[in-house]
Amino acid sequence: MSFIRTVLGDISPAQAGTTYAHEHLIIEESFPTQANPDFLLNDIDKVSAELAQVYAAGGRTMVDTMPANCGRNVVKLAEVSRRTGIQIVVPTGIHLEMYYPRTHWRYQYSEDQLTRLFIADVEEGIDRYDYNGPVVERTPHKAGMIKLATGDDPVSAHQELIFRSVVNTHRETGVPILTHTNAGRHGLAQADLFAKLGADLSHVVLSHMDRCQDLTYHRELLKTGVRVEFDSAFRWKKGEENRTYQLLEALLPDFPEQITAGMDAARHTYWQSYGGSPGLTYLLTTFRDELAQRGLGDYWNRLMIDNPAALYSFRQPQ
């Protein structure tokens, strides 16, 4: 039977409700926050206050996307979920190289070792210490998604190893896959490699694709069967055309089942509870209102409920 795996347990896809498909809800003090202090999102009270506002505005599920050993804290994510009622999907996997020191274990482990580590996150529980030391203490909280990332340069040999480990885990457990792209670059290369490795593309989502403005490229990518995630609607500056809405106008009629939305609000300067803006209720207020004004209101349920529920459901393992 199909299910979505949240930090507090498995739920049916029908329980997911309105879903933010790509967020950063907890980022603990870590290598990424040393270089980017505004990435720090580790105050449970402030995070809970913000997510309580999302819940009150109608949000029900949020997908956290900080994977293994770069700021993930599954214990805090579980506590935030308990306090707010927001169902949180927690990731395993590996982020961009820039978020790890050069001596990190990601460069030392084999494909098999990485695969077994990711499978343990999905099936046994995520380490309380997020693999920051020699002691591993698995919690009851399991990963419901697996992440990988590519950057500006073509896919490297090391990244291919991550791809293989991720797809191995996906095929073994059924866990859905999310990827990071840099402004949509190498989306087709990602989709092609996933297809070659035997991933179920209907359970693969490529993030940040609305930062790429090539409409022909989007159509070619969507024809492969992967899903995409748009999260830049609030980032366009005043006075310039909001290209996220333009892409949605062009693509939703032809690919209504393959597009999801989030905010990727990884900086606390975006959070009202930290004194920033626009706040995480943006998708449920400004974004939804703009869709309605552009004649796209009828796509809301697919974009925010049906599509993420189908995407983040576990597939039957191969």
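How many nonpolar, polar and charged residues does the lining of the second largest pocket have? Keep that for the last stop.

This is a predicted model, in which local features need pLDDT of at least 70 and side-chain atom pairs count only at pLDDT 80 or more, while totals for chains, interfaces and linings use all residues. Residues are numbered from 1 along each chain as its sequence is written, and side-chain values use heavy atoms, with hydrogens and water left out.

**Stop 1: the open sheet**

Select β3, β4 and β5. They form an open sheet of three strands in the order β3-β4-β5, with parallel pairing. Strands here are DSSP runs of E, at least two residues long, and helices are runs of H or I, at least four long, numbered from the N terminus. Two strands pair if DSSP finds at least two bridges between them. β3 (19-23) and β5 (87-89) each have a single partner strand, so one side of each lacks a neighbour in the sheet. Now zoom to β4 (residues 61-64), which pairs with β5 over three bridges. T61 stands opposite Q87 in β5.

**Stop 2: strand β7**

Select residues 145-149. Five of the five residues of β7 are buried, so the strand is largely enclosed by the rest of the structure. Buried means under 20% relative accessible area, exposed over 50% and partly exposed in between, with a 1.4 Å probe and protein chains only. M145, K147 and A149 point one way, I146 and L148 the other.

Show the helices next. From β7 the chain crosses through α5 (residues 157-173) to β8, in a right-handed β-α-β crossover. β6, α4 (residues 111-123) and β7 also make a right-handed unit. Right-handed means that, with the strands pointing away from the viewer, the path from the first strand over the helix to the second runs clockwise.

**Stop 3**

Select F39, Y99, D264, A266 and R267. Of the 20 residues lining the largest pocket, these are the closest to its centre. The lining divides into eight nonpolar, seven polar and five charged residues.

Finish with E29, S30, G71, D130 and N132. They lie nearest the centre of the second largest pocket, which is lined by 16 residues. A pocket is an open set of points on a 1 Å grid over the protein atoms alone, where a 1.4 Å probe fits, with protein on both sides within 12 Å along at least five of seven lines; lining residues have an atom within 4 Å of a point. The opening question is settled here: five nonpolar, six polar and five charged residues. Ala, Val, Leu, Ile, Met, Phe, Trp, Tyr, Cys and Pro count as nonpolar, Asp, Glu, Lys and Arg as charged, and the others, Gly among them, as polar.
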